[in-house]
Amino acid sequence: MTPTFPPDFEARMRQQLAGAWDAFAAAHTTPPPVSIRLNPRKPGPDLYTASIPWCATGRYLQERPVFTLDPALHAGAYYVQEASSMFLEQIFRQVADTTVPLRVLDLCAAPGGKSTHLSSLLPLNSLLVSNEVIRARAGILAENLQKWGNPNSVVTQNDPEDFTPLQGFFDVMVVDAPCSGEGLFRKDPEAMDAWSIDNVQLCSARQRRILSDVWPALKTNGLLIYSTCTYNRLENEENLAWLRNNHDVEFIPLTIPPEWGIEPIEEDGIVGYRFAPHRVQGEGFFLSVIRKRAAETEVSVRLSKPVFAPPAKKILDQITTWVQTPEDKSFIQREDLLQFVPIEQAQAVAFLSRHLRLVIAGTFVATLKHDKLIPEHALALSTVLQPEAFPTLSVSYDEAIQYLRKETLPATESGKGFGLITHNGLSLGWVNQLPNRLNNLYPAAWRIRMGN
């Protein structure tokens, strides 16, 4: 049955779509497609039936499984993400210079779909700063990036205006702006109830404030990727026109095969791309790529005094055996917590710690407790964990679900000390092997609460 759209929305979209309104409305009577994006640095599950044309690791599924009860999801082997938003990849394939390390900001990043994607697209030793202003959502973002396992991520919890002083710091900024959510009507019918003309106007004004706040942090010739999950011109084309009228910018065209069904928008020098469910196998989405032409002074990241202290040699000698290529990592000790960041970005991370609220930075390696190193869960999921550093305990599906529920597992004959629980070649986390049981070290906040 065709949904009852808000009357003002329907009137505007009938005019905007011209003769395509019936096809657009009919698309909302079909189930939304189910799509995932594979982690290229971890073994992937064979769940998919077709590839997403604009994303090399994107896959469509025939039906929606119970993702919560799939150990591969918790191991970071894939991320459940709406297909249209995976178009972000095309900017890094066609425009961004991926031959050198980049500093990238994902400003409105939770829950982490675009951030995990960016983390995989960036060159090694790049720095991804994923920000979320709401504390609870920043925690979810940090969890998803730790599951993804790449060591190039920093998660911050800041207002957009906090980035204003970081002049010229970022090579690329992604602003997936909070919007009126028109493109989510099929996937989330409650979004219709929240829609109004007034809310569209409020969203447009908020988007302009966000862009104004972060614009100084983009370097000269840097790229701004602006996106929304909405259709209206006020939040899309008119905001881009406002940006052009207030700043020296260049809109970057992309090469898009017509068979993809993406609608290119070109008017008065503005270039963007619109996705609609009657044209693509995905939800509503809008994206534009803008190059900053104005000269921007770049802030210096050099600090007069070190911010982080390195671990003691005895500790460093031990934890460097736990990771691959330790020579390209900067190891840090903050009170009892040990972590590492890409050595090429260590100074930048220290600089950011002086200006922003850091939730996580790089990869947590271990906690020091009574002269004993307890490996951190993030290390178990890291793509640079040295697999020979710990004994591994391969478990069945039922045992994996037990583990992910933080239930006690029976003892094994594999010895004592910390062991790595694996399932189908994927690391799930740590146990402490005791004589009569395996002490489950899975993070309590992450445990599965769903029944079978």
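These legends go with a set of close-up views of a predicted model. Residue numbers start at 1 in each chain as its sequence is written, and side-chain values rest on heavy atoms, with hydrogens and water left out. Since this is a prediction, local features need pLDDT of at least 70 and side-chain atom pairs pLDDT 80 or more, while totals for chains, interfaces and linings use all residues.

**View A. Phe-9 and Phe-24, a tilted ring pair.** The structure has 21 aromatic pairs; rings of Phe, Tyr and Trp (its six-membered ring) pair up if their centres lie within 6.5 Å, and planes under 30 degrees apart are stacked, over 60 edge-to-face, the rest tilted. Here the ring centres are 6.4 Å apart and the planes sit at 45 degrees, so this pair is tilted. Phe-9 belongs to helix α1 (residues 7–17) and Phe-24 to helix α2 (residues 21–27), so the pair ties together parts 15 residues apart in sequence. Helices (H or I, at least four residues) and strands (E, at least two) are DSSP runs, numbered from the N terminus. Both Phe-9 and Phe-24 are buried, where buried means under 20% relative accessible area, exposed over 50% and partly exposed in between (1.4 Å probe, protein chains only).

**View B. Charges over rings: Arg-103 on Phe-169 and Lys-147 on Trp-446.** To count, NZ of Lys or CZ of Arg must be within 6 Å of the ring centre and within 35 degrees of the ring normal. The charged end of Arg-103 sits 4.4 Å from the centre of the Phe-169 ring. For Lys-147, over the face of Trp-446, the distance to the ring centre is 5.4 Å.

**View C. Helix α5 meets helix α6.** The axes of α5 (residues 113–121) and α6 (residues 135–148) come within 9 Å and cross at roughly 35 degrees. Axes are lines fitted to C-alpha atoms, for helices over the stretch in contact, with angles from 0 to 180 degrees between N-to-C directions. From α5, Ser-115, Thr-116, Ser-119 and Ser-120 touch Leu-141, Asn-144, Leu-145 and Trp-148 of α6 (contact: heavy atoms within 4.5 Å).

View D. At 56% relative accessibility, Ala-18 is exposed. His-370 also isn't a glycine, yet has a positive phi of about 55 degrees.
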